[in-house]
Amino acid sequence: MDHFPQNFRRVRQNPAIRRLLSDTQLNPAQFIQPYFFYEKLKQREDLSAIHGQYKHTTDSLLREIELGLENQINSVLLFPIQNEKRTDDFTYDFDLEVFRGIKHRFGQDIVLFADLCLCSNTQSGHCGYVNNHGVIENNSSVQELARKAGLYADAGVDVISPSDMMDDRILAIRSELNRGGHEQKLIMSYSTKFSSCFYGPFREAADSTPQAGDRKSYQISPDNLKDAIRCSIRDLDQGADILMVKPVGSYLDILLRLKQHPALETAPLAAYQVSGEYQGLKVMADQGLLNFEAALVESLIAIKRAGADLIISYGANNLVKTLQGL
Ligand code: PBG
C-alpha cells in the first residue's frame with residue numbers, strides 16, 4: 001500500500017492547533033511558592049542571591065501570600081529564619097507565631113507547607129546534631145525533628161515537609177503527629193534529595209552553609225540511582241503522603257523513574273526547582289542571553305512532562321501572569 005508523505009508539521013502550524021494538541025499543561029493549583037521570613041527584620045529586603053525574592057517580615061509575608069492568592073497560588077512553603085543559632089535546646093516560638101498568624105488570616109484558603117529541618121537553627125549549619133567526633137547524629141536529630149513537627153502541627157501547619165535527610169524521620173514524625181491528635185496533617189517528604197551545588201543561593205538566603213564539612217553523609221550522591229529510588233520507596237512505606245525529587249533540572253531522569261516505578265506510580269510526586277536552577281535562568285536573562293519568562297516556562301514544562309504532580313518554584317506566584325504574557 002502507498003503511504004502519504006509524512007507531515008509532522010501539520011500539528012505545529014498555528015497556535016490554536018498547537019494548543020489543541022498540547023499534552024502538558026501547567027496548572028497553578030499544583031504549584032507551591034517558597035518564602036523566607038526573618039525574625040526581627042524591620043523592613044522587607046531584596047534577596048540578592050535569588051532575584052525577585054525577598055527576606056520577608058511577618059507583615060510583608062502576609063501581603064505576599066495575599067498577592068499569590070490573587071494569582072491562583074494557594075500553596076506556600078515556608079522557611080523561617082531565626083536570629084539566634086544554637087547547638088541544642090532549640091526553641092521555635094518565632095516560627096510558631098508566624099504560622100498561627102497566617103492560619104488566622106487565611107484559614108483553609110491556603111495550604112501551609114513548612115520546611116522542617118535544623119540547618120537554619122544549628123550553629124554548625126548542619127541539618128542535625130553534630131557530636132564531638134564531627135558526626136551528624138541520626139537518632140537524636142530525628143527526635144528533635146519529630147518534636148518540632150508536633151509543634152508546627154499545633155500551630156496550624158497543614159503539610160510538614162522534612163528536608164533533613166536523616167534516616168527514619170518519616171516514621172518518627174508520623175507517630176508524633178498521630179500521638180498529638182494530628183492524624184489529618186500531611187507529610188511531604190524531601191524523599192529523594194541530592195547533595196547538590198544548586199542550593200548555593202538558598203544557603204546564602206537561609207544563612208545555613210555548613211561551617212565545617214559538607215552534607216554528603218546524609219544527602220544522596222548524584223551518582224547513586226539505586227539509593228535515589230529506594231529512599232522514596234522507604235519514605236512512602238513509612239507514611240509520607242507526598243514524595244519529592246530535589247533538585248530537578250539535572251535529575252529529570254530520576255523523576256521519570258520514580259513516577260514509573262511499580263512501588264511508587266500512585267504516590268503524589270513533587271519536584272523542587274531549587275534556588276540555583278531558578279537563579280541561573282535569571283543570570284542568563286540579565287546578560288541578555290535568553291528571555292527569563294520563556295526559559296522558566298520551558299523548564300517547568302520539562303518537569304511536568306517528566307512526571308511531577310506538584311512543582312515547587314520561586315516563579316510560582318508569577319506563573320499565571322507569565323503564561324499570559326508569552
Ligand atoms: C534545608 C533546605 C535546603 C533547601 C531546602 N531546604 C538547603 C540544603 O539542603 O542545603 C534548598 C532549597 C533551594 O536551594 O532552593 N535543609
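A polar contact here is a pair of N or O atoms within 3.5 Å; within protein, one must be able to donate a hydrogen and the other to accept it, and residues adjacent in sequence count only if both atoms are side-chain atoms. This is a predicted model, where local features need pLDDT of at least 70, side-chain atom pairs count only at pLDDT 80 or more, and totals for chains, interfaces and linings use all residues. Residues are numbered from 1 along each chain as its sequence is written, and side-chain values use heavy atoms, with hydrogens and water left out.

**Stop 1: Q82**

Select Q82. Find Q82 in the loop between β4 (75-81) and α3 (93-106). Helices (H or I, at least four residues) and strands (E, at least two) are DSSP runs, numbered from the N terminus.

Is Q82 buried or exposed? Q82 is buried, at a relative accessible area of 12%. Buried means under 20% relative accessible area, exposed over 50%, and partly exposed in between (1.4 Å probe, protein chains only).

Show the rest of the surroundings. Leaving out residues up to four places away in sequence, Q82 touches E39, T91, Y92, F94, D95 and N121. Contact means heavy atoms within 4.5 Å.

**Stop 2: the whole chain**

Zoom out and colour by secondary structure. The protein chain has eleven helices and eleven strands. Its radius of gyration is 20 Å, close to the 20 Å that the globule rule gives for 326 residues, so the chain is as compact as a globular protein of that length. That radius is taken over C-alpha atoms, and the rule is 2.2 Å times the number of residues to the power 0.38.

Of the 326 residues, 52% count as buried. Among contacts with a separation of 6 or more, 75% come from residues 24 or more positions apart.

**Stop 3: the ligand**

Of the 17 residues around the ligand, K193, R203, R215, K246 and Y314 come nearest.

A polar side-chain atom of K193 lies 2.6 Å from a ligand oxygen. An N or O atom in the R203 side chain is also 2.6 Å from an oxygen atom of the ligand. For D115, a polar side-chain atom lies 3.3 Å from a ligand nitrogen.

How values were computed
Near = heavy atom within 4 Å.
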